Amino acid sequence: MKLTRRMVLAGLGGAAVAQGPLRAFAKTTAQVGDYEFISVSDGNLVLPRSFFFDGLPQDELAQALASFDLPQDQLEPPCNLTLLRNAERVVLFDAGSGPTFMPSAGTLLDNLDAAGVAADAVTDVVFTHGHPDHLWGVLDDFDDLVFPNANYHMGQVEWDYWRDPATVDTIGETRAAFAVGAARRLDAIEDRMSHFSDAAEALPGIMAQASFGHTPGHMSFMVGDDSDALMIGGDAIGNHHLAFARPGWASGADQDPDLGAQTRLRLLDKLAHEQTLLMGFHLPNGGLGRVARDGDSYRFVRADQ
């Protein structure tokens, strides 16, 4: 069976892929003030190249991608969740895919265990947005809470979008399953949910920054300030290749491609200028690195380089 963009957006793409979940745990860490950050893998997605590159000018696309040595059939972007620890809290940014989205993902609990963190020790889950690989992991196979002692936090705009009964009819046929799945999971955690707005603290010391476009209420988060700071970027900068080489190009992964491109350009400019650490959900080697200018575009510099 050929893997198509439509199948992936419907949440069915993994069924066509024989590859099982990735079990390896690679520890990528950073320290910002009193906060320890650990990148924890939830496996990876499996997506056809068309998901990223359909509808783009092919000659210029080939030139932009020439240095990345990407596979010609499908890409396997990693899923890196950020775990934050300090004396008071154990905070997980997003909840992963859970057991039902793609067979190549859903390894979060194994990798938390490898990092020495039990699911019941997580005090807070802060969401960047409500897509399946970020939200569906709040429930297990039996629809029980995976993080039974956690409180949950989501931006008000994002919450309102996924809780709106009209979303399933307006999001588009290929993403309708996203809306159904989000509504069911958000209903399960509603009584533990709090909301925040742009430029407010999601939790003490964790500042929310609106990065709309990938979803209507997508949020990124900044911890620390000046040269000692880290941004949890979510999917606002969604890959290490075209998002940096041609950040102004629309991405089919974004629900609002034009707004997504504007947000991406703004964040890349800020990160490059301030040399803030970035933890990116779908970036390589645990997602930790910095942004460097590269002529009129940018490049991702891994933290270990």
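## Second largest cavity

The lining of the second largest cavity divides into five nonpolar residues, five polar and one charged (nonpolar: Ala, Val, Leu, Ile, Met, Phe, Trp, Tyr, Cys and Pro; charged: Asp, Glu, Lys and Arg; polar: the others, Gly among them). This is a predicted model, in which local features need pLDDT of at least 70 and side-chain atom pairs count only at pLDDT 80 or more, while totals for chains, interfaces and linings use all residues. Residues are numbered from 1 along each chain as its sequence is written, and side-chain values use heavy atoms, with hydrogens and water left out.

The volume of the second largest cavity is about 40 Å³. A cavity is a set of points on a 1 Å grid over the protein atoms alone where a 1.4 Å probe fits but cannot get out, and lining residues have an atom within 4 Å of a point. Points are joined across faces, edges and corners, and the volume is the space filled by probe spheres set on them. Around the second largest cavity stand N80, L81, T82, F93, D94, T128, I232, G234, M279, G280 and F281. Three elements supply at least two lining residues each: β5, β13 (228-234) and β14 (277-280). The largest share of this lining comes from β5, with three residues. Helices (H or I, at least four residues) and strands (E, at least two) are DSSP runs, numbered from the N terminus.

## Largest cavity

In total, the structure holds two cavities of 30 Å³ or more.

Helix α2 gives the most to the lining of the largest cavity, namely three residues. By class, the lining of the largest cavity has 18 nonpolar residues, six polar and six charged.

## Salt bridges

The whole structure contains ten salt bridges, each being a side-chain nitrogen of Lys or Arg within 4 Å of a carboxyl oxygen of Asp or Glu. One of them joins E60 to R246, with 3.1 Å between the closest N and O atoms. This pair links distant parts of the chain, 186 residues apart: E60 belongs to helix α3 (residues 58-65), and R246 to the loop between α9 (242-245) and α10 (257-274). E60 is partly exposed, at 35% relative accessibility, and R246 is partly exposed too, with a relative accessible area of 21%. (Buried means under 20% relative accessible area, exposed over 50%, and partly exposed in between, with a 1.4 Å probe and protein chains only.) R246 has a further contact, lying over the face of W249 at 5.8 Å from the ring centre; the criterion is NZ of Lys or CZ of Arg within 6 Å of the ring centre and within 35 degrees of the ring normal.

A salt bridge also connects R89 and D124, with the closest N and O atoms 3.0 Å apart. R89 is in the loop between β5 (78-85) and β6 (90-93) and D124 is in strand β7 (residues 124-126), so the pair ties together parts that are 35 residues apart in sequence. R89 is partly exposed at 29% relative accessibility, whereas D124 is buried, with a relative accessible area of 1%. In another salt bridge, D304 meets R302 at 3.0 Å, N to O. D304 is exposed, with a relative accessible area of 57%, and R302 is partly exposed, with 26%. R163, D187 and E190 are linked in a salt-bridge network.

## Aromatic pairs

Nine aromatic pairs are found in the whole structure. Rings of Phe, Tyr and Trp (its six-membered ring) pair if their centres lie within 6.5 Å, and planes under 30 degrees apart count as stacked, over 60 as edge-to-face and the rest as tilted. Among the pairs is that of F101 and F178, whose ring centres are 6.5 Å apart and whose planes stand at 75°, so the pair is edge-to-face. The two residues are 77 apart in the chain, F101 lying in the loop between β6 and α4 (108-114) and F178 in helix α8 (residues 176-189). Both F101 and F178 are buried.

The rings of Y161 and W162 have centres 4.9 Å apart and planes at 75°, so this pair is edge-to-face. Y161 and W162 are both buried.

Methods
1 Å grid on protein atoms, 1.4 Å probe; cavity = no way out; pocket = protein on both sides within 12 Å on 5 of 7 lines; lining within 4 Å.
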